[in-house]
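Please look over the sequence and the structure shown here. The report that follows describes selected parts in turn.

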Amino acid sequence: MTYRSWSDDRQAETGVLEQTSVTRDELFMRKLVDATLMKNKLWAHLSNECQDGREHAVYVTAYDQQMPDEYGAAIADAALAMCKMSSMYSAEYMLWNGSSFQELELTASSTYTMELAEQLLDHYMVRSGKTYEFLYSVLDADRKKVLFYMKEVDL
């Protein structure tokens, strides 16, 4: 799979950021997140494509060009501040406290890429009687983490 940078101004691809070989499950997970952290820079996903059933690409742009209005800066701050590493992919949950995101420790975090991909398809998660709305997701492949940004809601 390839990460390609895209310029809205030029309406054109501006280069290859990274090319990597991944399993099919990991490919699915990588295409579902909202953004990817590569080389200590956050990139927002714009679109995905596949050529001839084999060549997969994710088109990205600098996060500050596409960040969500209300939570954008706080998401970037939290993503770039994280430092926990993992040997297998796992989830980290970041809870909105009204002004920033703070890590929320939840038990039974998934470590299988397909389970993480399934969770990326959800809009809400209920744990211990509390409902959380997923706001944004970031893949940090260097640390093998999927960061879920969420807020507690009453439904």
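A62 lies in strand β5; helices (H or I, at least four residues) and strands (E, at least two) are DSSP runs, numbered from the N terminus. This is a predicted model, in which local features need pLDDT of at least 70, side-chain atom pairs count only at pLDDT 80 or more, and totals for chains, interfaces and linings use all residues. Residues are numbered from 1 along each chain as its sequence is written, and side-chain values use heavy atoms, with hydrogens and water left out.

A62 counts as buried because its relative accessibility is 16%. Buried means under 20% relative accessible area, exposed over 50%, and partly exposed in between (1.4 Å probe, protein chains only). Beyond its neighbours within four places in sequence, A62 is in contact with K41, L42, W43 and A44, where contact means heavy atoms within 4.5 Å. L42 is 20 residues away from A62 along the chain, and their C-alpha atoms are separated by 6.6 Å.

Strand β5 pairs with β1 (residues 2–7) in the parallel sense and with β4 (residues 41–51) in the antiparallel sense. Two strands pair if DSSP finds at least two bridges between them. H45 stands opposite V60 of β5. A hairpin with 3 residues between its strands is formed by β4 and β5, and D52 in its turn has a positive phi of about 55°.

Strand β10 (145–153) is also mostly covered, with 7 of its 9 residues buried. K145 in β10 is the bridge partner of S90, and M150 in β10 is that of F134. β9 and β10 form a hairpin with 4 residues between them, and K144 in the turn has a positive phi of about 60°.

| Strands | Sense | Bridges |
|---|---|---|
| β1 and β5 | parallel | 4 bridges |
| β4 and β5 | antiparallel | 8 bridges |
| β6 and β10 | parallel | 6 bridges |
| β9 and β10 | antiparallel | 9 bridges |

Which residues of helix α4 (residues 113–120) are buried? They are T113, L116, A117, Q119 and L120. These residues cover an arc of only 160° around the axis, which puts them on the same side of α4; the arc is that of the directions from the helix axis to the C-beta atoms. An α-helix has 3.6 residues a turn, so residues three or four places apart point the same way. The buried residues of α4 pack against α1 (24–32), β6 (90–96), β8 (124–127), β9 (130–140) and β10.

The structure holds 1 cavity of 30 Å³ or more. On a 1 Å grid over the protein atoms alone, a cavity is a set of points where a 1.4 Å probe fits but cannot get out, and lining residues have an atom within 4 Å of a point. The largest cavity has a volume of about 30 Å³, a volume being the space filled by probe spheres set on the points. Its lining consists of E18, R30, T36, L37, M38, K39, A141 and D142. Strand β3 (residues 35–38) gives the most to this lining, with 3 residues.

Conventions. 1 Å grid on protein atoms, 1.4 Å probe; cavity = no way out; pocket = protein on both sides within 12 Å on 5 of 7 lines; lining within 4 Å.
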